Amino acid sequence: MPDGWLAYLSRIRYRGRRIEWQAYLFILPFLLIFFVITLLPIFFAIYISFNEWGIVGDPVWVGFDNFRDIFQDDWIPKIWGNTFQMAALIVPGTVIVALLMALWINQEQWLSGPIRTAFFAPHVVAITVTAIIWIWIFEKETGLLNVALYGIGIPKQGWLTTSQWVIQSISFVTIWQAVGFHMVILLAGLKEIPAELGEAAVIDGATSWQTFWRITLPLLTPALGLVITLEIISAFRIFGQVYLMTGGGPAGHSATIVSYIYNEGFVRFRLGFAAALSLLLFFTILFFTLLRTRLVREQSH
Amino acid sequence: MAHSMINTRLLLRFLRTFILWSPGALVALLWLFPLYWMLITSVKPDRLILTGIDLIPTEVTWDHYRTVVADTPVGRWFTNSIVTSVSVVAGSLVLGSLTGFALARMHFPGRTAIFWLLISSLMIPPEMGIVPLFIGVLRLDIQDSYLSLIVPPLASVFPVYLYRQFFLSFPRELEDAAAMDGCSRFGTFLRVALPLAKPATLAGAILIFTGNWNSFLWPLLVAFKSEWKTLPVGMAVYTRLDIQGTATQSGYGEAMAAVAIVALPTLIFFLVLQRYFIEGVTQVGIKG
């Protein structure tokens, strides 16, 4: 009696309303892919990290050996240090430039549109494009930057070839590419702030500086929080710039977490070790995003 | 007399605007400069490339593009990029709109839980799944194939989120009217909701296309053979080109032509459809 069965199903209520069973058919295709491509690999990654797993041969269960290796690996402190240094430059750098430009453009003048376009443009090109253009700009002998600096009497620097500059150079390129995207999010946040609030404050005798700190910034907190979180996540995942511009050099001075995962996992095929590293990357990002949430929450109280 | 006063006032206003806006405009020009420099260098003859900073090329040549086309399987890479990006866009929009519609407008147990599951998965860096997915690709022997390039990006939560936010903003009456006309839920989705969601579809299509066109790490991993590389992965060979150069010869022109080929499709796309780019980012930003 399929009819009776269907009729029964269609009468089942959930929170006072009939369940729309078709919904499960709507979500099934995506959920299947999500399960296979996103969820399953997360658990599989945890399993792999307890194995010695090469590209050929059977995996061997090694318990916590990969994690012990991580903490004994000479490169790890260096690589986490590099990544932290880049994040420490990129996150504030991007957010501050994006905020300044957003405040600037928000005044709604005739140049707002073109300026927004100029800032967003680098965001739509591939990392290969960014990397190769900047390799040239940073090149020691004929690169634009050194040629320009030499012109005003500053000696030529190896921007990508010396440990002194490589982290700053890569961070700068990253900021260059990311600012436009965050500026647009912040602009949207600024548009949400009612103009009357600012006007009222001005009538009450507030300076524009006070208006910014007392009204604009607090009301912009949700958008700022989002921008900072997104930027923390992407800063810790830096890969393309490093892989293409320096290969992690000179002597590992620009190697990052993900470039190390790539080298260990996909060049040396130490897949178990790479999986363990990726777990550590996850906890690093989790720690900093939670820290961010806590800091912003405390500030708004 | 009155005439000159107006002129003075206009001039003052112009000056004020100019002073107020020139620093921003200058920064914007500097920001755009590297991309501009790439384009003009790609059409400069070799002997003019290292001779100085001339902002407008005095001579235009397509030689560098010809060299790139002769040296690399650029047509094949271009095809790979197009096929992959278009397939991912089509697939993501179908999956995303169906799922987003159900999550926004349908009543069923588990709706909230599933939504939060999807959202919290954004906290996990995609790199965590890369080792297992890579092993899976090898075991299934689907490296060097469209399957391995197209399927993993389809799991992105972004289109689902985009459509859900959009469908949430529809008024209740819309579905009631559709139901009265005898539309099934799927009919409502297909004939009423989806056409109305055109802005979301456009914004989604553009952002997903650009994202996949530019995607780097995953295509780098699954393309073992040169003929399966996408454009950004393939053109990475130009980082290894000897671009030190000498006073008269350099590889810069070639390298810039190579990356211009990668950059131009998304740049043109962006310049033409800017509004939708901005809308897409804004929609995700505000509600996030």
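Analyst: Happy to! Helices (H or I, at least four residues) and strands (E, at least two) are DSSP runs, numbered from the N terminus. This is a predicted model: local features need pLDDT of at least 70, side-chain atom pairs count only at pLDDT 80 or more, and totals for chains, interfaces and linings use all residues. Residues are numbered from 1 along each chain as its sequence is written, while chains are lettered from A and ligands numbered from 1 in the order written.

User: Is B:Arg275 buried or exposed?

Analyst: Let's find the residue before judging it. B:Arg275 sits in helix H14 (residues 252-287) of chain B. A residue is buried if 20 or more other C-beta atoms, placed from the backbone, lie within 10 Å of its own, exposed if 12 or fewer, and partly exposed in between. B:Arg275 has 12 C-beta neighbours inside 10 Å, so it counts as exposed.

User: How far apart in space are B:Arg275 and B:Ala203?

Analyst: Along the sequence, 72 residues separate B:Arg275 from B:Ala203. In space, from C-alpha to C-alpha, the separation is 8.8 Å.

User: What about B:Thr210: is it buried or exposed?

Analyst: B:Thr210 belongs to helix H11 (residues 198-214) of chain B. There are 24 C-beta neighbours inside 10 Å of B:Thr210, and therefore it counts as buried.

User: Which residues are in contact with B:Thr210, leaving aside its neighbours within four places in sequence?

Analyst: Two residues are in contact if their C-beta atoms, placed from the backbone, lie within 7 Å. B:Tyr276 gives us a distance to picture: its C-alpha atom is 12 Å from that of B:Thr210, though they are 66 residues apart along the chain. With those neighbours set aside, the contacts of B:Thr210 are A:Val124, B:Thr266 and B:Phe269.

User: Which element gives the most residues to the side of chain A that touches chain B?

Analyst: The contact takes 74 residues from chain A and 68 residues from chain B. Several helices of chain A give two or more residues to that side, among them helix H5 (112-120), helix H8 (166-192) and helix H10 (208-236). With 16 residues, the one that gives the most is H2(A).

User: How many nonpolar residues does that side of chain A have?

Analyst: Ala, Val, Leu, Ile, Met, Phe, Trp, Tyr, Cys and Pro count as nonpolar, Asp, Glu, Lys and Arg as charged, and the others, Gly among them, as polar. By these classes, the side of chain A that touches chain B has 10 polar residues and 6 charged ones. Its number of nonpolar residues is 58.

User: Within what arc do the buried residues of H10(B) fall?

Analyst: The buried residues of H10(B) are B:Arg185, B:Thr188, B:Phe189 and B:Ala193. They pack against H2 of chain A, together with helix H4 (74-105), helix H8 (158-168) and helix H9 (173-180) of chain B. An arc is that of the directions from the helix axis to the C-beta atoms. Seen down the axis of H10(B), the buried residues line one face of the helix, because they fall within an arc of 95°.

User: How many residues of H12(A) are buried?

Analyst: H12(A) runs over residues 257-267. The buried residues are A:Ile257, A:Val258, A:Ser259, A:Tyr260, A:Ile261, A:Tyr262, A:Glu264 and A:Gly265. H12(A) is thus mostly covered, and out of its 11 residues the buried number is 8.

User: Where does B:Asp144 lie?

Analyst: B:Asp144 also has a positive phi, of about 55°, although it is not a glycine. With 17 C-beta neighbours inside 10 Å, B:Asp144 counts as partly exposed. Its place is the loop between H6 and helix H7 (146-150) of chain B.

User: Which residues does a cis peptide bond join?

Analyst: Go to the loop between H11 and H12 of chain A, where A:Pro250 is placed. The cis bond there has an omega of about -5°. The residues joined are A:Gly249 and A:Pro250.

User: Last one: how far apart in space are A:Glu196 and A:Trp53?

Analyst: A:Glu196 is in helix H9 (residues 195-203) of chain A. With 8 other C-beta atoms within 10 Å, A:Glu196 is exposed. A:Glu196 and A:Trp53 are 143 residues apart in sequence, and from C-alpha to C-alpha the distance is 62 Å.
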